[in-house]
Amino acid sequence: MPADLTTDPTTELPTVPTPQPPTAPTTARAAAPRDGSDLRPAAVLWDMDGTLVDTEPYWIAAEQELVAEHGGTWTHEQALQLVGNALTVSAGILRDQAGVDMEPDAIVERLLGRVVEQVRVRVPWRPGAVELLSELVAKGVPCALVTMSYASLAREVVDRAPADAFRTVVTGDEVTRGKPDPEPYLTAAARLGVEPSACVAIEDSPTGIASARAAGVPTLGVEAVVPVPRQAGLSRATSLADVDPATLGRIATGEVLDL
C-alpha cells in the first residue's frame, strides 16, 4: 500500500519531469556555428561543363567539326545556345538547324567521343575549382557532380579530380528530365540525404541555374562563356578563386552575395 503523503506536512512530494516533445527525424542542414565562423553547407552540388572544367570550347570545336563534315557552318554565337542543354536537345538543334544528317543519339555519341579524347589529354580546370574542391573535402562537406554530360565524360573528370571529392554523380543519361527541370538537383540531394535548401549549387549557365533554383537549392552563378544576369535571390561570383567553404555556408543560410 502506498504511503499517505498527507499525514506528514514535511514530506517532500516527488518531482515529476516536464514532458518533452518527441524529437523529429532530421536530414542534414547547413551548419552554422554560434560564433558565425566556419559556416558550411550541408552539401555542394557542382555543375561540370563550364563550372568545374572549361570544356565548353571542346564542345564547340566538336560541334563545328561535325557540322562542317555535313557541309554546313556553325558559329560561336550559334554554339552558345546549346550551353547547359540536355545533350539530346542540343543534338536535335544540330540536326534541325545545322543540317547534321544523323540521329540525335548518334550525334551525342560523336560529340561525347571527341570531348572525352580532349579531356584525356588535358583537363581544363576552371580557376579555383580544384582548390575549392580540396577545401570542401578537408572539411568533410559532401559534394555531388550534377551534369548533363553523360557518364563516359563525367567519369574522366571525376577520376582526375581530388581523391574522394564526389560522393555521387548525376549525369544526363540517367535522368528522365534534364536541366532546366529540377530533377537532376533533386536526385543529387536525395542521394546525399540532405535537404535541397541546405545545399549550394554552383552553375555557369542560365539553364543550369534555372534547374538548381527550381529544385529549391541556393545557387551561386559563376560566369564562363555565357553571361550570368543578376536575379533576385541568386548569388554570383566572377571566379571560384574568390569562393571558399565559408562563402558557400553563408549562401546556404540565406545570404545573397555578389562577389
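Contact means heavy atoms within 4.5 Å. The legends below describe close-up views of a predicted model.

Figure 1. When neighbours within four places in sequence are left aside, Arg236 is in contact with Leu220, Gly221, Val228, Pro229, Arg230, Leu257, Asp258 and Leu259.

**Figure 2. Strand S4 and its two paired strands, S1 and S5.** Strand S1, residues 44–46, pairs with S4 in the parallel sense over 3 bridges. Within S4, Val200 is the bridge partner of Val44. Strand S5, residues 219–222, also runs parallel to S4, to which 3 bridges join it. Here Glu203 has Gly221 of S5 as its bridge partner. From S4 the chain passes through helix H8, residues 206–214, to reach S5, and this β-α-β crossover is right-handed.

**Figure 3. Side-chain directions along strand S4.** In a regular strand the side chains alternate between the two faces of the sheet. In S4, which spans residues 200–203, Val200 and Ile202 point one way, whereas Ala201 and Glu203 point the other way. Are these four residues buried or exposed? Val200, Ala201, Ile202 and Glu203 are all buried.

**Figure 4. Helix H9 and the elements against which it packs.** Helix H9 comprises residues 245–252, and it is largely enclosed by the rest of the structure because 6 of its 8 residues are buried. The buried residues are Pro245, Thr247, Leu248, Gly249, Ile251 and Ala252. Against which elements do the buried residues of H9 pack? They pack against strands S1, S4, S5 and S6 and against helix H5. Gly254 follows H9 and has a positive phi, near 110°.

**Figure 5. Trp125 in the loop between helices H4 and H5.** The loop that holds Trp125 lies between helix H4, residues 104–121, and helix H5, residues 129–138. Trp125 has a relative accessible area of 25% and is therefore partly exposed. Residues up to four places away in sequence not being counted, Trp125 touches Leu52, Val53, Val130, Val157, Arg160 and Ala161. Trp125 and Thr55 are separated by 70 residues in sequence, while their C-alpha atoms are 8.5 Å apart in space.

**Figure 6. The buried cysteines Cys143 and Cys199.** Cys143 counts as buried, because its relative accessibility is 0%. Cys199 likewise has a relative accessible area of 0% and is buried. How many disulfides does the model contain? The count comes to 0 disulfides, where the criterion is a pair of cysteine sulfur atoms within 2.5 Å.

**Figure 7. The protein chain from which the views are taken.** The protein chain has 9 helices and 6 strands. Of its 259 residues, 47% are buried. Among contacts between residues at least 6 apart in sequence, 61% join residues at least 24 apart. The accessible surface comes to about 12,800 Å², and carbon and sulfur atoms account for 52% of this area.

Key: Residues are numbered from 1 along each chain as its sequence is written. This is a predicted model: local features need pLDDT of at least 70, side-chain atom pairs count only at pLDDT 80 or more; totals for chains, interfaces and linings use all residues. Side-chain values use heavy atoms; hydrogens and water are left out. Buried means under 20% relative accessible area, exposed over 50%, partly exposed in between (1.4 Å probe, protein chains only). Two strands pair if DSSP finds at least two bridges between them. A crossover is right-handed if, with the strands pointing away from the viewer, the path from the first strand over the helix to the second runs clockwise. Accessible areas come from the Shrake-Rupley method with a 1.4 Å probe; for residues, only the protein chains shown count as cover.
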